[in-house]
Protein chains: 4
Amino acid sequence: MVAFKRIPVRSLASGANLDVPVYTIRGSNPRAKRAYIQSSMHGSEVQGNAVIARLLELFAQTPPEGDVVLVPNANPFAINQKSGEYTLGRFDPTTGDNWNRNYWLAEITESSRPPWHKLKRKVWSAMSATLRARLQTDLPYGQKLALTLQALAVGADYVIDLHCANVSARHLYTPEYAEQEARYFQIPLLVSIPNMFSGALDESVSCPWWSFWEQLRTEAYPELPPSRELPQGFTLELGGQELISRDDAKRDAAGIINFLRRQGVASGRAIRPGPVHICALQDYKTIYSTHAGQVEITASLGAMAKRGTQLAQTLQFGRTASWQATIAQEQCIPILHHSSAVIHEGSELLKVFTRTRKI
Amino acid sequence: MVAFKRIPVRSLASGANLDVPVYTIRGSNPRAKRAYIQSSMHGSEVQGNAVIARLLELFAQTPPEGDVVLVPNANPFAINQKSGEYTLGRFDPTTGDNWNRNYWLAEITESSRPPWHKLKRKVWSAMSATLRARLQTDLPYGQKLALTLQALAVGADYVIDLHCANVSARHLYTPEYAEQEARYFQIPLLVSIPNMFSGALDESVSCPWWSFWEQLRTEAYPELPPSRELPQGFTLELGGQELISRDDAKRDAAGIINFLRRQGVASGRAIRPGPVHICALQDYKTIYSTHAGQVEITASLGAMAKRGTQLAQTLQFGRTASWQATIAQEQCIPILHHSSAVIHEGSELLKVFTRTRKI
Amino acid sequence: MVAFKRIPVRSLASGANLDVPVYTIRGSNPRAKRAYIQSSMHGSEVQGNAVIARLLELFAQTPPEGDVVLVPNANPFAINQKSGEYTLGRFDPTTGDNWNRNYWLAEITESSRPPWHKLKRKVWSAMSATLRARLQTDLPYGQKLALTLQALAVGADYVIDLHCANVSARHLYTPEYAEQEARYFQIPLLVSIPNMFSGALDESVSCPWWSFWEQLRTEAYPELPPSRELPQGFTLELGGQELISRDDAKRDAAGIINFLRRQGVASGRAIRPGPVHICALQDYKTIYSTHAGQVEITASLGAMAKRGTQLAQTLQFGRTASWQATIAQEQCIPILHHSSAVIHEGSELLKVFTRTRKI
Amino acid sequence: MVAFKRIPVRSLASGANLDVPVYTIRGSNPRAKRAYIQSSMHGSEVQGNAVIARLLELFAQTPPEGDVVLVPNANPFAINQKSGEYTLGRFDPTTGDNWNRNYWLAEITESSRPPWHKLKRKVWSAMSATLRARLQTDLPYGQKLALTLQALAVGADYVIDLHCANVSARHLYTPEYAEQEARYFQIPLLVSIPNMFSGALDESVSCPWWSFWEQLRTEAYPELPPSRELPQGFTLELGGQELISRDDAKRDAAGIINFLRRQGVASGRAIRPGPVHICALQDYKTIYSTHAGQVEITASLGAMAKRGTQLAQTLQFGRTASWQATIAQEQCIPILHHSSAVIHEGSELLKVFTRTRKI
């Protein structure tokens, strides 16, 4: 039912070899859509691993309709790098490169116009061929890893990248065209991203199809599906990094199953989602600290803060001790904050949703 | 009332100079005992800074009986070193040396035998002179900083070093001879340490006086005070590192004030402390992880766990995903755990009190 | 003669404030061109500091014709961050961002067409105004620092950014249009870069003027100067990082003086440069290590290596010890290599000039 | 001839397993003494790996008389940890513990007094048993690794630990009682260490035997060998870290072979060593930097510097640029210096031999 393999991705100076575990579950319905789910690309962002463990349990009980590929511990190099007890996960310790900026933006050049499901398969097949060819060349590790994972993800209609973020409320990134579908993950805070590529996995899935779909629309391609039928990439931010909770993983997995049911990948009936706050990517703002010192975040993550509310207070020692307030300049929903109470001037203090829509 | 100065401790490659803020509050009663309180020697252990800010507020309202010296941000170099958003605070990033292992163990050689309060002053005066002389020599930064702080602490009857520890329940280190007094801090988990020096500030205060007192006892020195009258060093562990809470600081400061009242340094009447769990240093045990993976701590910090209880579970990915249990081999109270859910084999997973006494 | 100031750029958690030293030397000829020279933006790349010290000596003896601004230790935060004895200089330890990717690409929108020297001044004035405005907003440190330095550089015809690179032969980056002038630095290995902006200081100087000049050319602007009269940005790579040599600094400074003489900024007559190897940016290739282990670079830096030559050998321990060769796939000039003999698969092993021109 | 195995030492969070390669070469003469040689315990100190590779070649050509065990890459965790391109090798990145301070000091309690070669075997057998037992308990990785290696080393008469040091001249550590023998390594700079244990491998070999030998002497044990017959531990510092040279490895290996010939472990006749400088451990002094800035070491490593000589000069930027001299306070031989030109006040600038003897 579950096929397991390990894909080698890097040999190390000590002679050890790092690999990535891959679980492939054959769906019961060959015509159902397929999903690819990976976790922990940033090393320290580990809750997704517990979620994948939970999904393996659930699919062992109730096999999915469509094929599902699960890749936990997707970046074995990043998860092994320590600095103190913390995991130096977000970027390559040698180059500083963010691990989630190395994916490849395919340009879909297919010119034949068969029915949609055949067209989709043709495009995937071309993408796979290109990725395989690139993987034959000498690449820096970050790129080799990303393309290896991307090659596993090609052919999936739904690519779900499980991350965590600093200290944070659960939220997710969805392409604009999939906002309505994204609600089924049962995470009420959505960042809606336009058709712009910055190297992340979710974008590497959505952007090529989005551009292609826009082109097909101008061609008046008769088989054009509604945009919600396009392959979609999502990034789910499952709370703070360096934390894992088996109980929370049950809830997180239930949300993903709900989404997969909605799409026909998992069997069973999806629950209708509740209301969500959506924030356009350009309105998802970073507040840089104007105070250096020790900071306490006083705002509640995930809750609306009115203009003028104190979001944080920073302790400084001068002639006396004083707490400097950071005030909301506009109504916002704080989503995440600096992982440490120790902060220098000009560091990322908070990220907040502004100008949210509720749907 | 409050005198403020900055003591320079290190110039940096950029040309910047780091200094330590020192607040000195003159007590209203010249015969009252004196206290020295510092915080954040390990950089990332910052809650003590909020506590000192709170103490400054309280002493501004109600001046102490005895002199009090307060030194927040005691290690400006450590607090400024970042690795990712975390603060690489526990040890010198250049040498690996734990910042709290550099203090000097005085040997008290005073041979005159005046009354106790004069003898004490003579000894302090000799200690000060030695420290001043050592500070004239070329020292590595860690040692220079430690001796600079130690020189500020000499002359205080109570030296309170405010730390934090990984992710942890509040607990404190007391010399055995001060166990009864230490209860007044209102922290119910105590590690009781013998007369052994490993380089920490609290030990550098307690050990010399302890040895000297033992010697005086053999001499049948007529003025010998009860051991609770000896100068005492304490290390308070105020919860997890990288966190600061102004509300918690009120409670933490109230406990310290209660202790200082008990000793006559602060004015007002101390509240009698509740029962505490005491664990001898040798029974404060580290559990090293025998599993590598992502770990969830399932034990409650600060609460008794019976033999056989699961303390933690570690996620591993093999042919299937599995959670490996770490089981309590004996009854214990978990005090702190690894700061990250990502753990290699042979890392410090938990520290636990075993064989506790309740007093 | 030399005006000195310190510009504050960041306050730290400890309360310390970091600043950047700025030396401004008024030229004797108000109509002469001006130069801006900074060093050590990457912290660990320090030889430029010694070069600026030397230039200060030389200009004290013989004042320049044109104004010269010198900014050593340009990134006080980066130079202070240690990891072991090494300086973690290349990127922000918190975010991983390369410090030399934060500059601003001005778009020159000036529509009036006065004579060239007036036009130039108008444009600079607009750039300054924009930079000042941006610096009023809350910025992450990396960007604040870059814009602060860029604001100091605006108004200079020659902006020279002194870097070092891993372990390397001296080489420099020049905009294509200034290749002939760049030879006067007396560094025989040149990377020639097109009009493309990736965030570096040199590009932030050259690109806007280059684009503007192309536009003016289409307009048949009668005052159009030859491209060598345009403001120019250069990045000089003065050997390996973590090294400083006062003797080498004399030679490095002499080369810069020679360039400045050629441009009329320094007094005296420039020496005609010898032949140089020029490599287009696209032909400056990275060789990623296909072997993990301990690597010895056997190629000579700065010298032509024929196709088939062994460039490096990597030690691995299997059933026996073996050395794996890395062979030149095409004729090339090795310019720099990995700073450590310890290398993982997929790390940057060497960077080499291919398809060089000699002029 | 050469038996090869891999000993597992740590599993990592990613699921990877690290192991240590062990080469065992059976000697041709069962009565000959035996040697154990390891390298790279500090990760970044890699030249010893090239030396072991060379020794494997040499022993393949000419088998040794006595058994030889060779363990390159002795600390696979340390060698894999990167910070920038550098290897964070010297200490555990999680705890700060120096990897070479975890060995076990055996106390020899054997009371029977058979002939020396039997007594030696009995003692080794007891040591082995104790080490095996300790390795059954849960240990922190650093200790598990050290005891695993120590267990491999027990039974060898000569234990040679190959290190490197910062930027340095080749030198070695010898127990006082083996000074004359140590000269045969053909490294002319010797640190002579007393019978004091600080946790290093060489001491863990020499100290127990040294103490035992002193005891046997008081007993007038009739079989007492000359001290040069005792098991001996040496630490060889083969130049700077992060560097590997196959040519230098030939010379380094030749020195080791010369020593092994002298002791009858390798076949062939040892060359008589030339004169060496010996420095007692207490006279091997560290000069801490009193200046912060960028430092150039002007002294030659390994060469005598007279009192008053400039050892280093440090660049600082104030109103003007200035170079601050560090002057030799006494005649000395500089042995190693800070790995980086970037230095803070109170960092280790240089280590120097003072009061050397020449033998």
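What rotation, and what shift along its axis, superposes chain A on chain D? In this predicted model, the rotation is 180° and the shift is 0.0 Å, with an RMSD of 0.0 Å. The two copies are thus related as by a two-fold rotation axis. As for the surface involved, the same one serves both copies, since 100% of the contact residues of chain A recur in chain D. The residue of chain A that comes closest to the rotation axis is Gln81(A), whose C-alpha lies at 3.2 Å.

His344(C) is located in the loop that joins strand 18 (342-343) to strand 19 (348-354) of that chain. Is His344(C) buried or exposed? Its relative accessibility is 1%, so His344(C) counts as buried. Beyond its neighbours within four places in sequence, His344(C) is in contact with residues of chains A, C and D. Among them are Arg10(A), Phe77(A), His291(C), Ile79(D) and Lys82(D). Asn80(D) is another of these contacts, and its backbone oxygen lies 3.1 Å from a polar atom of the His344(C) side chain.

Finally, I come to helix 3 of chain A. This helix comprises 20 residues, 116-135, and spans 28 Å from its first C-alpha to its last, close to the 28 Å expected at 1.5 Å a residue. Its buried residues include Trp116(A), Leu119(A), Trp124(A), Met127(A) and Leu131(A). What covers the buried residues of this helix? The cover includes helix 4 (141-153) and helix 6 (201-219), both of chain A.

Key. Residues numbered from 1 in each chain as written. Chains lettered and ligands numbered in written order. Predicted model: local features only at pLDDT ≥ 70, side-chain atom pairs only at ≥ 80, totals over all residues. Heavy atoms only, no water. Helix = DSSP H or I, 4+ residues; strand = E, 2+ residues; numbered from the N terminus. Buried < 20%, exposed > 50% of the residue type's maximum accessible area, 1.4 Å probe, protein only. Polar contact = N/O pair within 3.5 Å; in protein donor to acceptor, adjacent residues only side chain to side chain. Contact = heavy atoms within 4.5 Å. Expected span 1.5 Å × (residues − 1). Least-squares fit on C-alpha atoms with pLDDT ≥ 70 in both.
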